[in-house]
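Subject: Structure for you to look over

Hello,

Please find the structure below, followed by notes on what turned up in it.

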Amino acid sequence: MQKGKYYRMRKELVWGAGILAALLLFFTAFGKMKDTADMLQQEEFTSMEYKELPAVQSELSDSEGCYLCGTAKESLMGYFRQFDDLGIISVNQWYVLDFGILPHEEDGADTSGTRTAMTGTGEGGDFFSSTQTPSRGISTVKVSYGEDSILDVEKAKTILCQDCLDKLLAVMETYGPEGEEPKPRDLCLVDFQTLELYSLQEQHASYYIRDYYVRLDQTEDGMEVEAVYAPVRD
Ligand SMILES: [Zn+2]
């Protein structure tokens with residue numbers, strides 16, 4: 001009898017240890033699951049969203065002085081509007097860079113071969129490095145972001161008329177983590193013939209603008225924009 005009881009106790013002990021081990025395993029697994037659930041929840045918190053800039057009132061008193069559509073001397077747009085070409089505008093410093101996709105016969109410059117040029121847009125501003133092959137209708141601009149490359153809306157509203165300011169803000173939509181302030185780069189594409197603006201924010205990859213094809217690539221410290229003359233074939 002005594003022996004039988006001992007045996008039963010041992011059996012219970014073994015069972016107890018087994019259940020304990022099973023419980024341990026269960027809680028470990030449950031803990032892991034909870035961690036995974038927490039991680040998933042965190043991912044939800046950093047989900048991405050499109051961000052628009054709110055409408056802003058222009059502070060330019062005379063729209064003749066608008067840097068995009070007016071005749072402000074400092075803007076250079078009056079000069080570039082004569083060319084069938086595209087350009088990049090660095091808004092904070094208001095610097096306009098023409099792609100020079102096709103030869104500009106008007107300026108009498110040598111248009112054979114390839115030209116390269118480096119341009120700073122001003123203190124803290126973006127930096128442009130361009131390679132133009134007008135005889136092939138290809139131009140590439142590498143942009144390095146300056147320290148001051150986030151759009152300064154306060155500046156923009158003092159140099160653009162209401163129409164142009166609305167147009168600019170419309171191409172400043174960004175895509176980023178939910179809840180973060182929008183931080184659009186101060187860059188956009190411009191068609192000198194139509195004065196239409198096109199976004200250069202990083203969620204865009206390519207455009208067809210009239211006879212031109214434009215491809216955008218993000219780089220480590222900026223972006224590369226390639227414009228090609230590619231008219232529709234008959
Ligand atoms: Zn304007």
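How many salt bridges does the count come to? With a salt bridge taken as a side-chain nitrogen of Lys or Arg within 4 Å of a carboxyl oxygen of Asp or Glu, the count is eight.

This is a predicted model, in which local features need pLDDT of at least 70 and side-chain atom pairs count only at pLDDT 80 or more, while totals for chains, interfaces and linings use all residues. Residues are numbered from 1 along each chain as its sequence is written, and side-chain values use heavy atoms, with hydrogens and water left out.

One of the salt bridges joins Lys157 and Glu59 (3.3 Å, N to O). Lys157 is in helix α3 and Glu59 in the loop between β1 (48-51) and α2, 98 residues apart; helices (H or I, at least four residues) and strands (E, at least two) are DSSP runs, numbered from the N terminus. Lys157 is buried at 12% relative accessibility, whereas Glu59 is exposed at 51%. Here buried means under 20% relative accessible area, exposed over 50%, and partly exposed in between (1.4 Å probe, protein chains only).

Another salt bridge pairs Arg210 with Asp191 (2.8 Å, N to O). Arg210 lies in the loop between β10 (206-209) and β11 (212-219) and Asp191 in strand β8, so the pair ties together parts 19 residues apart in sequence. Arg210 is partly exposed at 38% relative accessibility, and Asp191 is buried at 1%.

Arg215, Asp217, Glu224 and Glu226 are linked in a network of salt bridges. Within it, the closest N and O atoms of Glu224 and Arg215 are 3.9 Å apart.

Regards
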